[in-house]
Amino acid sequence: MEISGFQNVLILIAIAGFALMEFASRRYQTTVHATANDTKLDFLVFVSVVSISQPTAILLTQHIGETWFAQWQGALADWPWWAMFGVLVLGDDLTQYLWHRASHSPLLWPLHRAHHSAQYMSVRMTFRNNFFYYLMMPGLWIAGALLFLGFGGWVYVLYLSIKMTIILGAHCAWRWDEPLYKIRALGPLMWVVERTISTPATHWAHHALTNKDGIGHYTGNFGNMFFLWDVIFGTAHITRKYPEHIGLMDDRIHGQEHWAHQMFYPLAHSRRADSALKFGGTIYDENKP
């Protein structure tokens, strides 16, 4: 099996594992009340990411590199694995933190809004975003450039597999961190863990319907693999609690946006979205406490 195929197998195992725990814990049955509109959006965005967005970024950077910078192909292949891993963390995960944070501004919010319109947390909505959100994500293109420079092979497989496992776990309906907080002996370890990687507690807070309960924090907790970026840049909010409600207040008042409007904005958008954007970005401000 080629390396990319093995990578996909590892990620599918992680998805299946968390999905199984959602059902085994009955968290999926009791908390995930998805509509047909949700299902179309969750599924089609996932398919577009794995079949279009990521391959486009990698193949196009490979083509550009071979055409214009052929002398640099594989130039960094002799780097030690830890150096490659560290550069991937900075080039992919740190830039994704910055891209995610920027996407909570009025200008880019329409490309990220779909991720927050889900009124549930589950592995099924991990990839839920606007189609162009991923095509424009700097980390994908930087990763493509690094692969051209020689960062391929098992280092990238290890990095991406670890990252996706953490991100899937942070969105999972099964809150894997919850019982661990109750074990006194694990207190010091969990203190480090929740400040290092994204956990359900910290990431659920980012998806909260409101900040008013002291738990929700959709204006922070932007980390994807590493929550450490939030700690460093002052956007972290840690409570070890979970918000009661997930989603957007605007959707609860006016109903869901059609999946195509959410996925393909600005090529497709509703009159409601036009109005909100026209009057100073009230889509972004809809959750202000």
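Reader: In which loop is Ser103 placed?

Author: Ser103 sits in the loop between H4 and helix H5 (109-117). Helices here are DSSP runs of H or I with at least four residues, strands are runs of E with at least two, and both are numbered from the N terminus. The model is predicted: local features need pLDDT of at least 70, side-chain atom pairs count only at pLDDT 80 or more, and totals for chains, interfaces and linings use all residues. Residues are numbered from 1 along each chain as its sequence is written, and side-chain values use heavy atoms, with hydrogens and water left out.

Reader: Why is Ser103 called buried?

Author: Buried means under 20% relative accessible area, exposed means over 50%, and partly exposed is in between (1.4 Å probe, protein chains only). Ser103 has a relative accessible area of 0%, so the residue is buried.

Reader: What does the side chain of Ser103 reach, and which residues is Ser103 in contact with beyond four places in sequence?

Author: The side chain reaches the backbone oxygen of Trp99 at 2.8 Å. That value falls under the polar contact rule, which asks for a pair of N or O atoms within 3.5 Å; within protein, one must be able to donate a hydrogen and the other to accept it, and residues adjacent in sequence count only if both atoms are side-chain atoms. Contact in general means heavy atoms within 4.5 Å. By that rule, with neighbours within four places left aside, Ser103 is in contact with Leu108, Trp109, His112 and Tyr133.

Reader: What makes the protein chain as compact as a globular protein of its length?

Author: The chain has 16 helices and 0 strands. Its radius of gyration is 19 Å, close to the 19 Å that the globule rule gives for 289 residues, so the chain is as compact as a globular protein of that length. The radius is taken over C-alpha atoms, and the rule is 2.2 Å times the number of residues to the power 0.38. Along the principal axes, the C-alpha atoms fill a box of roughly 55 × 55 × 35 Å. Buried residues make up 49% of the 289 residues. Of the contacts with a separation of 6 or more, 74% come from residues 24 or more positions apart.

Reader: Why does Asn221 count as buried?

Author: Asn221 is at 1% relative accessibility and therefore counts as buried. The residue lies in the loop between helix H11 (200-206) and helix H12 (228-233). Its side chain reaches the backbone oxygen of Thr202 at 2.7 Å. Beyond four places in sequence, Asn221 has contacts that include His203, Phe227, Asp230 and His237.

Reader: Why is Arg128 called buried?

Author: The relative accessible area of Arg128 is 0%, so Arg128 is buried. Arg128 has its place in the loop between H5 and helix H6 (131-135). The side chains of Arg128 and Tyr120 are joined by a polar contact of 3.2 Å. Among the residues in contact with Arg128, neighbours within four places left aside, are Asp38, Asp42, Tyr134 and Gln262.

Reader: How do you know that Tyr242 counts as buried?

Author: At 13% relative accessibility, Tyr242 counts as buried. Tyr242 is placed in the loop between H12 and H13. A polar contact of 2.9 Å joins its side chain to that of Asp177, and the side chain of Tyr242 also reaches the backbone nitrogen of Glu178 at 3.4 Å. Residues touched by Tyr242, not counting those up to four places away, include Arg175, Tyr181, Trp204 and Ile215.

Reader: Why does Arg240 count as partly exposed?

Author: Arg240 is at 29% relative accessibility and therefore counts as partly exposed. Arg240 lies in the loop between H12 and helix H13 (249-254). Its phi is positive, about 60°, although the residue is not a glycine.

Reader: Why does Arg26 count as partly exposed?

Author: Arg26 is at 48% relative accessibility, so Arg26 counts as partly exposed. Arg26 is in the loop between helix H1 (3-24) and helix H2 (27-31). Phi of Arg26 is near 65°, a positive value in a residue other than glycine.

Reader: What kind of peptide bond joins Tyr265 and Pro266?

Author: The bond is cis, with omega about 10°. Pro266 is placed in the loop between helix H14 (259-264) and helix H15 (271-278).
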